[in-house]
Amino acid sequence: MSTNFTIPEHIKDLIENKKILLVEDDSSFRKLLKTFLEREKFEVREAENGLVAKTILELNENKFDLVISDIKMPQLDGVELLEYSKRTRPNLKFIVMTGFAEILESQEAHELGADGFLPKPFEKNIFLLEVIELLSGVSLIKKSNDSSDEKSEGQMSISHQENIRPNVSDDASLFRKIHIDEFTQGSTLSSDIYIKVNDGKFIKVAREGTIVPVARISVYKEKRVNHLFVHRLDFKKYLDFNLNLAKVINKSNLENNKKIRILKHSTELILEDVFTEGIDADKFDSAKDLVTDTLHVISQDDNIFALLESLESHADFLYAHSVAVSTYATLISKEYGWESPTTLFKLAMSGLFHDIGKKEIDEEILNKPRVQRSSQETAQLETHASRGKEILSTINSIPNDVIQIVYHHHENELGTGYPQKLNKANIHPLAKVVALADSFCNQAMKTPDHEKVSAKVAIDRIYSLHGREYEKDLLVALMKIANYPIPDDLKKRKKISA
Ligand SMILES: [Fe+2]
């Protein structure tokens, strides 16, 4: 057996002669791990259970850099050893090895501050990478263009990445939720994958570049785990992987300052501003994050960014309105139960571009209160749905669904919408979400027609004046987000399908 990856020289210096205490009651497995570690020039001491390990630690004050321990062992188990180790030597690193099914229940080990978890069974490379990362403080990843497979005997090339993804974290804001069914057999993970355990901690359970761990996924499903998580910084990779954006997105040539001004300064302010009194603040925050992520992903394409910019520069409220619709569409969709990242991404993008056709309409008409518009002006305004479709169709990297949603966002359940007066069965389901979000934003936010109002007032208006134009279950989802009492005629209806 050969060593199957090369550690960069500067990392070798960081880990040379580090001392590891290896605690495992299965002696053949222990010997195997010891061999792996010694090949990488680690100094290894073995212990057959927690009690032996504890004695070794007592006799060798501060000698070790890392403990790697199994959990289920006779005499003194891994959790007890971890507790002793963290109490007496808080700086001594500690990796827990555990059956992957048990990781969900190993809450105590998380609370006691284990520095890493290795779900068994694991590959040799994964084992070594975890150990090297922990001891060097450098995060190592497989090079993405590495075509060699995951078999443990294949040569593995690695590099280090700048942003270290933690093995364990309790900061929910760092993670993005992905439905477990999106991880399909045979595909290679485009990012590290985490699981959320009982106490709210996120534990890394699979690494970027490895094949989707099908056996683990089915155990999680049996335990009713519906979602896995990726680090927020990896979310783009995940979307690229699913939407093939990477293939079509142009390399950015635009000056960064322009992007920063629009994405960071003006969008952050708008997102603060579009919060409406009465809306659930936590749900709003998570929708806001999703819209921010979407903006960052799509603005890497210069053509798409130019569209955003034209929205921002055309009429004062157009960009703010688009960001608001994107946020509320995301909120409604999640509440309704459509929460796959791919769906939410398409929806957020559709919200941003639903009124892109208005960039071709006179600003004067856009800024006029509704009652002052002539019928000709109204007709001109209504061309924006078709214009939007035309504009978006010229850009390769815009998904077809997004074009369709933009085209349909003024159709309604009564079949009286524009431009096609579509029957409700023929309207893109996500266009129905954008239509409702659009209506909500028009009612709740400041427009040429009225001032900003609370969510309750906005929903009162939508329900009493236009209630029948919207898909009723989506209306219920909006009401729930605003804690609005559900009217009797909207209760107990069947869901529409996506
Ligand atoms: Fe519109």
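Guide: A definition to start: two strands pair if DSSP finds at least two bridges between them, where helices (H or I, at least four residues) and strands (E, at least two) are DSSP runs, numbered from the N terminus. You're looking at a predicted model: local features need pLDDT of at least 70, side-chain atom pairs count only at pLDDT 80 or more, and totals for chains, interfaces and linings use all residues. Residues are numbered from 1 along each chain as its sequence is written.

Visitor: OK, what pLDDT does the protein chain average?

Guide: That's the predictor's confidence in each residue, from 0 to 100. In this chain 83% of the residues score at least 70. The average is 82.

Visitor: Which strands are the edge strands of the five-stranded open sheet?

Guide: The order is β2-β1-β3-β4-β5, with parallel pairing. From one strand to the next the twist averages 20°. Two strands pair on one side only, which makes the edge strands β2 (43-47) and β5 (116-120).

Visitor: In β2, what is the bridge partner of L22?

Guide: Five parallel bridges tie strand β1 (residues 19-23) to β2. On the β2 side, L22 is partnered by E46.

Visitor: Which helix packs on the sheet, touching β1 and β2?

Guide: Its direction makes about 170° with that of β2, taking angles from 0 to 180 degrees between N-to-C directions, and axes as lines fitted to C-alpha atoms, for helices over the stretch in contact. It spans residues 27-39 and is α2.

Visitor: Is K41 buried or exposed?

Guide: K41 sits in the loop between α2 and β2. It has a positive phi of about 70° although it isn't a glycine. With 12 other C-beta atoms within 10 Å, K41 is exposed.

Visitor: Are α11 and α14 roughly parallel or perpendicular to each other?

Guide: Helix α11 (residues 281-298) and helix α14 (residues 341-353) have axes 10 Å apart and an angle of about 80°. The cut-offs are under 35 degrees for roughly parallel, over 145 for roughly antiparallel, 65 to 115 for roughly perpendicular, and oblique for the rest. That's why α11 and α14 count as roughly perpendicular.

Visitor: Which residues in α14 meet those in α11?

Guide: From α11 come L290, V291, T294 and I298. The contact residues divide into seven nonpolar, one polar and no charged (nonpolar: Ala, Val, Leu, Ile, Met, Phe, Trp, Tyr, Cys and Pro; charged: Asp, Glu, Lys and Arg; polar: the others, Gly among them). The α14 side brings L344, F345, A348 and M349.

Visitor: In β11, what is the bridge partner of I193?

Guide: β11 (202-206) has five of its five residues buried. Strand β8 (residues 168-169) runs antiparallel to β11, joined by two bridges, and V168 partners I203. Strand β10 (residues 193-196) is antiparallel to β11 as well, with four bridges. There, the partner of I193 is A206.

Visitor: Which residue in β12 stands opposite K177?

Guide: Strand β9 (residues 175-179) runs antiparallel to β12, with five bridges. Strand β12 (residues 227-231) is mostly covered, four of its five residues being buried. Opposite K177 stands F229.

Visitor: Last one: which peptide bond is cis, with omega near 5°?

Guide: Most residues other than glycine have a negative phi, and most peptide bonds are trans. The loop between α18 (400-408) and α19 (429-444) holds P419. K421 lies in the loop between α18 and α19, with a positive phi of about 50°. The cis bond runs from Y418 to P419.

Terms used:
Two residues are in contact if their C-beta atoms, placed from the backbone, lie within 7 Å. A residue is buried if 20 or more other C-beta atoms lie within 10 Å of its own, exposed if 12 or fewer, and partly exposed in between; C-beta atoms are placed from the backbone.
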